[in-house]
Amino acid sequence: MNNSKTIDLVNGSFAMADAREIVLTLLSNKMKFYSLRNVSSKERFGESDLIAVQKLEHLRQARGEAELFFSEAIAKGKTITLDLTLTMATD
């Protein structure tokens with residue numbers, strides 16, 4: 001039986017600086033998770049966790065894209081709406 005739960009993490013309009021901080025903090029925390037996972041793998045097994053390394057690269061790119069997005073939006077005086085939803089499911 002499948003079971004799922006959806007949680008609205010962030011939903012609404014925000015000041016650009018607040019939205020930037022929310023998004024970059026989420027990305028940063030996820031990067032810390034995979035970085036620690038990789039360090040742990042190196043210490044325990046003497047080799048990198050390849051999945052963690054790949055995830056870190058993807059997150060670095062995402063952070064760069066987010067920073068560019070916010071820089072351009074701020075320069076143009078845009079407003080922002082965030083809709084961040086967490087969906088969890090078991091099988």
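Modeller: Ser41 lies in helix 1, residues 16-45. Helices here are DSSP runs of H or I with at least four residues, strands are runs of E with at least two, and both are numbered from the N terminus. This is a predicted model, in which local features need pLDDT of at least 70, side-chain atom pairs count only at pLDDT 80 or more, and totals for chains, interfaces and linings use all residues. Residues are numbered from 1 along each chain as its sequence is written, and side-chain values use heavy atoms, with hydrogens and water left out.

Is Ser41 buried or exposed? Ser41 counts as buried because its relative accessibility is 8%. Buried means under 20% relative accessible area, exposed means over 50%, and partly exposed is in between, with a 1.4 Å probe and protein chains only. The side chain of Ser41 reaches the backbone oxygen of Glu47 at 2.8 Å. Setting aside residues up to four places away in sequence, Ser41 touches Gly46, Glu47, Ser48 and Asp49. Contact means heavy atoms within 4.5 Å.

Asp49 caps the N-terminal end of helix 2, with a side-chain oxygen 3.0 Å from the backbone nitrogen of Ile51. A polar contact is a pair of N or O atoms within 3.5 Å; within protein, one must be able to donate a hydrogen and the other to accept it, and residues adjacent in sequence count only if both atoms are side-chain atoms.

Now back along helix 1. Helix 1 has 30 residues and reaches 43 Å from its first C-alpha to its last, close to the 44 Å expected at 1.5 Å a residue. That expected span is 1.5 Å times one less than the number of residues. The buried residues of helix 1 include Val23, Leu27, Met31, Asn38 and Ser41. Those buried residues pack against strand 1 (3-14), helix 2 and strand 2.

Met31 also lies in helix 1. Met31 counts as buried because its relative accessibility is 11%. Beyond residues up to four places away in sequence, Met31 touches Leu56, Leu59, Arg60 and Arg63. The C-alpha atoms of Met31 and Leu59 are separated by 6.6 Å, although the two are 28 residues apart along the chain.

Helix 2 answers from its side. Its 26 residues reach 38 Å from first C-alpha to last, close to the 38 Å expected at 1.5 Å a residue. The buried residues of helix 2 are Ala52, Leu56, Leu59, Ala66, Phe70 and Ala73. They pack against helix 1 and strand 2. Just after helix 2, Gly77 takes a positive phi of about 70°.

Next, the core. The largest nonpolar core has 16 residues, and those with the most contacts inside it are Val23, Leu27, Ala66, Phe70, Ile80 and Leu82. Helix 1, helix 2 (50-75) and strand 2 (80-90) are the elements that give two or more residues to this core. Helix 1 supplies the largest share, 7 residues. A nonpolar core is a set of buried Ala, Val, Leu, Ile, Met, Phe, Trp, Tyr and Cys residues joined through side-chain atoms within 4.5 Å. Leaving aside neighbours within four places in sequence, Val23 is in contact with Ala66, Phe70 and Leu82.

Finally, the whole chain. The protein chain has 2 helices and 2 strands. Along the sequence the pattern is β-α-α-β.
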